[in-house]
Amino acid sequence: MSVIDTQFVPDKNKYITHLREMVSIPTISEKEHYKSESFDAFNSMLKKNYPLTFSRAEEIPVGNGTFLCIKGSNPVSPLMLMSHKDVVHEGKKKWKSPPFEGKVINGKMYGRGTFDCKGSLLCLFEATESLLSEGYELKEDLYILSTSNEEIAGNDAPDAVKYLKDKGIVPGLLIDEGGAILKIPFPSKVKDIAMIGAVERSSARLIFDCLEGINAKKTGKSITKKKYGHFEITPEVEELAKGLGKYLKFPVGTVFGALAKHKSLGKAILTHAGSDARAFCGASTGYGVPKNDDAPDAKNPLRISVSGNYYNKLDELVDQVIKTASDMGLKLISSTAREADTPVSSSSKGFAFITETAKDVFDSIAVLPYPVLGRTDARYFVGYAEEVIRFIPLEISLSQMMKFHCPNENIYVDSLAPAVKFYREAIKKYNADRKEG
């Protein structure tokens, strides 16, 4: 059911101002850069900029996170919108403009967190505030969760899940980060493709102690050069390739179509096209040298991260890495692991809801699934919420997507207004479509 509101006039200048305020507060969650006063300032800023939202909402304590419930008149199955407020450190490399300034250059706002994930956080708050200012009455309860420690896999999201479970509250639909609207850089039959994160990969973090005289970085590089597990074209990757083959014009579309049709060929190409490409159809590894307080029992520590799709059992991948490390003289100190989630089907109600809402708001758009290569707070809700969808409605270019967690992170300021419209329509459509209790 389309409930598009043609009378709504976005306030683009306000969005830019408010996003600049968000970006200017360095809400870095990594231990060595964490400052509690930054999160206090950010939380105060949210309350200042969105007074109606906070006055109508019940605030639920979850660390430094923001967890709100705006009650509906006849709740049956709540809607939950998520977007974390913490960011990673700006890094040591020079930025085009200061990373915590939010400067707009040629229509793009530069700053840490513009895409991950303060841009979408701004838009969902602006959408909620604008609806409340118009007197819009919710039927369903609306939950908003913005965690303060997503980047370090902190407790805000698990605490939110515990709260909901203790209260017997089951979200009917949860929308978090994990996809975006990609501007197509090739000749195409559509303008954009909405990439919906269908599944997250498994993940493990292994801490080793290297023997005296072993160079941790060189050893880490050697360990991660090896290939682990086996490679398969998952249904999500196959559907993505088919879709790209359908929407992209010759010759690029033909190539993707061939990869989808001849999966053995696609697998061979992806497994030899670099670590990011391999991650789409198999396992990948990375390494780093942790700080002493992250590995207190290791004199010469090395961290190996392991990730894979659900065709690979994580414990088998971990055993392979441990054996390789052991053969090189390393001793395992600690490990944490989490298996991959069950994929969201593109035929599910949640996927259809996002597809319909996106097509209501955006012109000439296709909607396709893809496997999320990183980790999000949404993973804690999989298996509890009825539908978990990973998608933020910001239009970005391929180069902007590649700046995720990198210097010069930026988004188009013109992408904010359509994203606000998306969240408005999602809230209204969810309330209009819901079953009476």
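# Why these words fit

Me: Why does Tyr 311 count as partly exposed?
Reply: Tyr 311 has 35% relative accessibility. Partly exposed lies between buried (under 20% relative accessible area) and exposed (over 50%), using a 1.4 Å probe and protein chains only. So Tyr 311, at 35%, counts as partly exposed. This is a predicted model: local features need pLDDT of at least 70, side-chain atom pairs count only at pLDDT 80 or more, and totals for chains, interfaces and linings use all residues. Residues are numbered from 1 along each chain as its sequence is written, and side-chain values use heavy atoms, without hydrogens and water.

Me: What about Tyr 310: why partly exposed?
Reply: Tyr 310 comes to 28% relative accessibility, so it counts as partly exposed.

Me: How many aromatic pairs are there?
Reply: Nine aromatic pairs are counted (ring centres of Phe, Tyr or the six-membered ring of Trp within 6.5 Å). Tyr 310 and Tyr 311 form one that is stacked, with 5.5 Å centre to centre and 25° between the planes.

Me: What makes the pair of Tyr 310 and Tyr 311 stacked?
Reply: Planes under 30 degrees apart count as stacked, over 60 as edge-to-face, the rest as tilted. The planes here are 25° apart, so the pair is stacked. Elsewhere, Tyr 50, Phe 54 and Phe 125 form one aromatic cluster.

Me: What is the strand order in the open sheet of four strands?
Reply: The order is 11-12-10-13, with antiparallel pairing. Strands here are DSSP E runs of at least two residues, and helices are H or I runs of at least four, numbered from the N terminus.

Me: Why are strand 11 and strand 13 called edge strands?
Reply: Strand 11 (283–288) and strand 13 (330–338) each pair on one side only.

Me: How do you know that strand 10 and strand 12 pair?
Reply: Pairing needs at least two DSSP bridges. Strand 10 (residues 202–210) and strand 12 (residues 301–308) share eight, in the antiparallel sense, so they pair. Ser 202 has Gly 308 of strand 12 as its bridge partner.

Me: How do you know that the radius of gyration agrees with a compact globule?
Reply: The radius is taken over C-alpha atoms, and the rule is 2.2 Å times the number of residues to the power 0.38. For 437 residues, a compact globule would be near 22 Å; the protein has 22 Å, so the values agree. The C-alpha atoms fill a box of roughly 65 × 55 × 45 Å along the principal axes.

Me: What share of the 437 residues is buried?
Reply: Buried residues make up 55%.
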